[in-house]
Amino acid sequence: VEGGRYRVVYHDDRPGSVVVDDATGETCFCPERTGHPGVWIKEVVDGVVEQWVCPPEGKVSDLLRFPSSELVEDSLELAECRCANPDVATDAPCD
């Protein structure tokens, strides 16, 4: 991060969770980490988690979201979020 801009930095020779579908050209999440490194942005829209790959560079303000209501911790949803994050959920039971 420099000023109001960011840049995603990663090693090309490291495994990651970003895979490009050859048929559609769309990026897909790969929990087995057989793709390349990247940063996933996740946002809850109407109770459904949507995710997409963060652009390689841009304005920090484009990444920030402000809550539309009071934040309340939900243990079940928190567990689901942890399972969706491979760095945190490697030992977590995910059904």
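Visitor: Of the contacts in the protein with a separation of 6 or more, what share comes from residues 24 or more positions apart?
Guide: Such residues account for 34% of those contacts. Contact here means heavy atoms within 4.5 Å. This is a predicted model: local features need pLDDT of at least 70, side-chain atom pairs count only at pLDDT 80 or more, and totals for chains, interfaces and linings use all residues. Residues are numbered from 1 along each chain as its sequence is written, and side-chain values use heavy atoms, leaving out hydrogens and water.

Visitor: How many strands are there in the protein?
Guide: There are 6 strands, plus 1 helix. Both are DSSP runs numbered from the N terminus: helices are H or I with at least four residues, strands are E with at least two. Along the sequence, the pattern reads β-β-β-β-β-β-α.

Visitor: What part of the protein do buried residues make up?
Guide: They make up 14% of the 95 residues. Buried means under 20% relative accessible area, exposed over 50%, and partly exposed in between, with a 1.4 Å probe and protein chains only.

Visitor: And what does the accessible surface come to?
Guide: About 7,900 Å², with 52% of that belonging to carbon and sulfur atoms. The areas come from the Shrake-Rupley method with a 1.4 Å probe; for residues, only the protein chains shown count as cover.

Visitor: New topic. How many aromatic pairs does the structure hold?
Guide: It holds 1. The pair is edge-to-face because the rings of Phe 29 and Trp 40 have centres 5.6 Å apart and planes at 80 degrees. For the cut-offs, rings of Phe, Tyr and Trp (its six-membered ring) pair if their centres lie within 6.5 Å; planes under 30 degrees apart are stacked, over 60 edge-to-face, the rest tilted.

Visitor: Which strands do Phe 29 and Trp 40 sit in?
Guide: Phe 29 is in strand β3 (residues 27-29) and Trp 40 is in strand β4 (residues 40-45). They are 11 residues apart, and the pair links distant parts of the chain.

Visitor: Is Trp 40 buried or exposed?
Guide: Trp 40 is buried, at 16% relative accessible area. Phe 29 is partly exposed, at 27%.

Visitor: What sits over the ring of Phe 29?
Guide: The charged end of Lys 42 does, 5.6 Å from the ring centre. The rule asks for NZ of Lys or CZ of Arg within 6 Å of the ring centre and within 35 degrees of the ring normal.

Visitor: What does the side chain of Ser 17 make a polar contact with?
Guide: With the side chain of Trp 40, at 2.8 Å. A polar contact is a pair of N or O atoms within 3.5 Å; within protein, one must be able to donate a hydrogen and the other to accept it, and residues adjacent in sequence count only if both atoms are side-chain atoms.

Visitor: Where is Ser 17 found?
Guide: In the loop between β1 (5-7) and β2 (18-20). Ser 17 is buried, at 5% relative accessibility. Beyond its neighbours within four places in sequence, its contacts include Cys 28, Cys 30, Arg 33 and His 36.

Visitor: Where is the place of Cys 30?
Guide: In the loop between β3 and β4. Cys 30 is buried, at 9% relative accessibility. Its C-alpha is 6.3 Å from that of Val 19, 11 residues away along the chain.

Visitor: Which loop does Arg 33 lie in?
Guide: Arg 33 lies in the loop between β3 and β4. Arg 33 has a positive phi of about 60 degrees, although it is not a glycine.
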